[in-house]
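User: Hi! I'd like to go through this model and understand what stands behind each label. Could you walk me through it?

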Amino acid sequence: RYRLAQGGLLEAREGTPGGDLRRAAEPESLRGPFRMLGRYDGEVFQECRTGLSWALEQTRAAQALRKELAVRQVDAALVAVDASFVAQQGREVLRVFRTASVLNQRGCPG
């Protein structure tokens, strides 16, 4: 249990383990890669659970995925990717590490 104090400090109340909390100057970056499930249209990957979208960094795995969509002659497909987030030209993109699995030609489950 904490109490909000001056300067954004969260002051631990008596009996709260861990002590006071202070906001970090910069947020920690997420480590990866992560297994992500989403819809990919050749340009943008839209994650199923959150609906958030990212462009893919131009890796061999991303190029292979784009080629797979062309071979299947589909505009978009549900895919699984192993990727991490990277900053590129002031925005966040996905760096795909493993060739994505094309699961179907429909949208997200549910």
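Predicted model: local features only at pLDDT ≥ 70, side-chain atom pairs only at ≥ 80, totals over all residues.

User: Leaving aside neighbours within four places in sequence, which residues is Leu9 in contact with?

Analyst: Residues are numbered from 1 along each chain as its sequence is written, and side-chain values use heavy atoms, with hydrogens and water left out. Now to Leu9: with neighbours within four places set aside, Leu9 is in contact (heavy atoms within 4.5 Å) with Arg3, Leu4, Asp20, Leu21 and Arg22. Leu9 sits in the loop between E1 and strand E2 (10–12); strands are DSSP runs of at least two residues and helices of at least four, numbered from the N terminus.

User: Why is Leu9 called buried?

Analyst: Buried means under 20% relative accessible area, exposed means over 50%, and partly exposed is in between (1.4 Å probe, protein chains only). Leu9 has 12% relative accessibility, so Leu9 counts as buried.

User: And what makes Tyr2 partly exposed?

Analyst: Tyr2, in strand E1 (residues 2–4), comes out at 32% relative accessibility, and therefore counts as partly exposed.

User: Is Glu57 buried or exposed, and how do you know?

Analyst: Glu57 is buried, because its relative accessible area is 15%. Glu57 lies in the loop between strand E5 (53–55) and helix H1 (60–72).

User: What does the side chain of Glu57 make a polar contact with?

Analyst: The partner is the side chain of Gln88, at 3.3 Å. The rule asks for a pair of N or O atoms within 3.5 Å; within protein, one must be able to donate a hydrogen and the other to accept it, and residues adjacent in sequence count only if both atoms are side-chain atoms. Beyond four places in sequence, Glu57 is in contact with several residues, including Ala62, Val86 and Arg95.

User: What makes Cys48 and Cys108 a disulfide?

Analyst: A disulfide here is a pair of cysteine sulfur atoms within 2.5 Å. The sulfur atoms of Cys48 and Cys108 are 1.9 Å apart, and the two form a disulfide. Cys48 lies in the loop between strand E4 (44–47) and E5, and Cys108 in the segment after strand E7 (91–104), so the pair ties together parts that are 60 residues apart in sequence.

User: Why are Cys48 and Cys108 called partly exposed?

Analyst: Cys48 counts as partly exposed because its relative accessibility is 23%. Cys108 is partly exposed too, with a relative accessible area of 32%.
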